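Please keep the sequence and the coordinates side by side while reading the paragraphs that follow.

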Amino acid sequence: MNESIEAIQSEALVQIMAARDERSLEDARVAVLGKKGSLTGIASGIKDVPQENKAAFGQLLNAARAAITAALEEKQVTLRDLTDRAALAGIDVTLPPRTVMAGALHPLTLIRDEAIGILRRMGFALADGPEIEDEFHCFDALNTPADHPARNEKDTFYFHSGKLLRTHTSSVQIRTMESQSPPVRIIAPGSAYRRDEIDATHLSVFNQLEGLYVDDDVSLPDLKGTLEYFLRELFGTATDVRFRPHFFPFTEPSFEIDVQLQIKGQSPRWIEVAGCGMVDPAVFEAICQSRKDRIFDPEKVTGFAFGMGLDRLAMIRWGIKDIRLLIENDARFLRQFS
Ligand code: PHE
């Protein structure tokens with residue numbers, strides 16, 4: 001019996017050594033340690049071993065099993081190693097990686113998302129409207145008289161139908177008041193169109209973000225506080241903001257807003273970034289007539305409105321000198337924002 005244990009052990013070790021892959025190693029294991037394996041068979045014969053020899057037999061059996069198990073484990077590690085090495089054969093892991101071209105958001109998208117994010121945190125909801133507008137929503141309801149220069153064919157794209165490409169997103173403010181009740185607190189980002197001569201600071205299409213807040217007690221300090229906070233969030237908390245009296249047909253009083261920009265190596269400059277004002281009562285009156293109710297009665301509600309060019313904000317933020325770069329899709333320009 002004892003000799004056969006030794007014979008099984010050495011035979012098993014030879015087979016383990018000879019295994020060329022994990023499969024033949026498993027076969028070797030099953031042949032000796034499996035249910036019908038040679039060592040398992042011998043072990044079941046212990047009951048026939050005379051009492052005085054049982055202990056020695058058991059020890060020998062355990063030693064054989066331990067030796068075989070250890071050999072199996074060691075061989076398994078060696079085989080795995082070989083498999084790994086074979087998988088890497090021919091691959092130079094020290095080569096520099098191939099660069100994957102990653103896409104990036106367009107600067108206009110970046111600045112728009114940032115502006116929307118700030119205003120949404122302040123309670124403004126997004127609103128939308130058509131880019132092909134009628135004169136009522138783009139001009140008449142906004143208290144813009146028929147002879148106002150903005151309505152001139154030289155400045156605005158008209159269709160034969162009399163419709164036009166909206167010259168500002170203020171038209172969305174009108175549409176929102178037609179369909180909602182106060183309090184109204186909305187922002188309308190979107191394209192606007194003007195027949196401008198194209199140069200480094202003008203395109204015939206640009207991107208606006210306008211806002212409107214109407215309630216029963218909205219005041220000029222609300223307007224000032226909201227826009228100062230917004231611009232400081234966008235350009236830095238130390239940014240100086242100035243309100244300059246101006247004229248817009250749809251607001252009274254009206255202002256243009258400048259921020260003071262400190263560009264390295266230059267003396268500080270005031271740059272105009274937005275127009276704003278308190279909604280003119282004539283606008284509320286037009287809404288009342290269009291709605292055929294008095295929910296926006298100028299005696300009851302007040303409001304402020306503002307509008308800014310996102311292209312301009314992007315140009316200021318990143319020091320972009322030519323607005324045309326924003327539409328040319330030149331990868332060398334766009335890559336800088338990735
Ligand atoms: N609609 C104006 C423009 O396009 C901006 C503006 C909006 C001004 C709201 C005042 C109030 O220039």
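Ala66 is found in helix 4, which runs over residues 51-88; helices (H or I, at least four residues) and strands (E, at least two) are DSSP runs, numbered from the N terminus. Ala66 is partly exposed, with a relative accessible area of 45%, where buried means under 20% relative accessible area, exposed means over 50%, and partly exposed lies in between (1.4 Å probe, protein chains only). Between Ala66 and Lys36, which are 30 residues apart along the chain, the C-alpha atoms are separated by 18 Å.

All of this is read from a predicted model, in which local features need pLDDT of at least 70 and side-chain atom pairs count only at pLDDT 80 or more, while totals for chains, interfaces and linings use all residues. Residues are numbered from 1 along each chain as its sequence is written, and side-chain values use heavy atoms, with hydrogens and water left out. The pLDDT, which is the predictor's confidence in each residue on a scale from 0 to 100, has a mean of 93 over the chain, and 100% of the residues reach 70 or more. Within the chain, confidence is lowest in helix 3 (residues 38-44), at a mean of 87, and highest in strand 2 (residues 132-133), at 98. Where pLDDT is low, the predicted coordinates should not be read in detail.

From C-alpha to C-alpha, Gly225 and Phe255 are 14 Å apart in space.

Turning to the ligand, which residues of the 13 around it come nearest? They are His168, Ser170, Arg194, Gln208 and Glu210, where a residue is near a molecule or strand if one of its heavy atoms lies within 4 Å of it. A polar side-chain atom of His168 lies 3.0 Å from a nitrogen atom of the ligand, and a polar side-chain atom of Ser170 also lies 3.0 Å from a nitrogen atom of the ligand. In the side chain of Gln208, an N or O atom is 2.8 Å from an oxygen atom of the ligand. On its own the ligand has 320 Å² of accessible area, of which the protein covers 90%; accessible areas come from the Shrake-Rupley method with a 1.4 Å probe, and for residues only the protein chains shown count as cover.

At least two residues of the shell around the ligand are supplied by each of strand 5 (205-215), strand 8 (269-279) and strand 9 (302-309), and the largest share, 3 residues, comes from strand 9. By class, the shell has 5 nonpolar, 6 polar and 2 charged residues, with Ala, Val, Leu, Ile, Met, Phe, Trp, Tyr, Cys and Pro counted as nonpolar, Asp, Glu, Lys and Arg as charged, and the others, Gly among them, as polar.

A search of the whole structure finds 0 disulfides, a disulfide being a pair of cysteine sulfur atoms within 2.5 Å. For Cys138, which is in no disulfide, the nearest cysteine sulfur is that of Cys276, 19 Å away. Cys138 counts as buried because its relative accessibility is 0%, and Cys288 counts as buried at 3%.

The backbone geometry deserves a separate look. The peptide bond from Pro182 to Pro183 is cis, with omega near 0°, and Pro183 is found in the loop between helix 7 (170-179) and strand 4 (184-193). Also cis is the peptide bond from Glu252 to Pro253, with omega near -5°, and Pro253 has its place in strand 7 (residues 251-261).

Lys292, in the loop between helix 9 (281-291) and strand 9, has phi near 60°, a positive value in a residue other than glycine, and counts as exposed at 73% relative accessibility. Asn329 has a positive phi of about 60° although it is not a glycine; this residue is found in the loop between helix 11 (325-328) and helix 12 (331-334) and is exposed, with a relative accessible area of 58%.

Methods:
Polar contact = N/O pair within 3.5 Å; in protein donor to acceptor, adjacent residues only side chain to side chain.
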